[in-house]
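Welcome! Here is a short briefing to read alongside the structure.

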Amino acid sequence: MKKHLISTLILGSLMSANAFAELNKEQTQQLEEINQFLKENPSTISGLHTSLEQYVASQAQVQKAQAESHDWLYSNDAHPITGNPDGKSVIINFTDYNCPYCKRLEKGLVQLASENSDIKIINVYLSFKQQQINELNTNAALYAMKVWKDNREAFTEVDRLLMAKSGLHTKASLQAVAKKTGTEAQLNTTSDQSNTLMTNHQTFSALGLTGTPTLMMNGQVLPGYVPYDRLKDIVDDAF
């Protein structure tokens, strides 16, 4: 058990160090504790060395995937943007309109963008629970991307209403949003949106990500829901 805890500390320290490019006080202390443990328990070194080699190999694969997907994520007009389209502090937001934690995080992102005019949020949509809504040849992600493409001035309100709905979207919920925002025509999505959604999922998997929401910013990966106060601190540190 103690070996497992130390191994977890090592990997956690390396992941954090890689994200911020320097050691903070907590990481420095952790590494000192690890060093002392290894001196006292040399038999654990071999196993931990193997774990670290595996970790380094997996990180190399992730870095390759990040390089290969950079243009798809950062220079793709298919991805809707919130915040300042010309902002220099860019956050990639892997999100799903049917994910309750994505909806909670969205409130914090909206607040963040309203308080920092340099924030640009690129929304990369996924749809894990719902590939197609019964009786509609679309889903919430496809519909939102179609609105972004064809009726951009309506996107902000469409996005707000889609995120405000609790639970999974239905035919009725999408039709209600479309009627309220005058975007009924965008319920008829095309292969362009379907291909984008498919590539989004492939990119998400290649990056080694496992769940939504997940944020990427300045080389840092932040999985899961994060309360606003902590999110603000992380973003301030990242940029």
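Helices (H or I, at least four residues) and strands (E, at least two) are DSSP runs, numbered from the N terminus. Along the sequence, the protein reads α-α-α-β-β-α-β-α-α-α-α-β-β-α, which comes to 9 helices and 5 strands. This is a predicted model, where local features need pLDDT of at least 70 and side-chain atom pairs count only at pLDDT 80 or more, while totals for chains, interfaces and linings use all residues. Residues are numbered from 1 along each chain as its sequence is written, and side-chain values use heavy atoms, with hydrogens and water left out.

**The whole protein**
- Of the 239 residues, 44% are buried (under 20% relative accessible area, with a 1.4 Å probe and protein chains only).
- Among contacts (heavy atoms within 4.5 Å) with a separation of 6 or more, 73% join residues 24 or more positions apart.

**Meet L162**
- You can find L162 in helix α6, which covers residues 155-164.
- L162 counts as buried because its relative accessibility is 0%.
- Setting aside residues up to four places away in sequence, L162 touches Y97, K103, A140, Y143, A144, H169, L174 and V177.
- A141 is 21 residues from L162 along the chain, and their C-alpha atoms are 9.4 Å apart.

**Meet S89**
- S89 belongs to strand β2, residues 89-95.
- With 8% relative accessibility, S89 counts as buried.
- Beyond its neighbours within four places in sequence, S89 is in contact with D118, I119, K120 and F239.

Key: Buried < 20%, exposed > 50% of the residue type's maximum accessible area, 1.4 Å probe, protein only.
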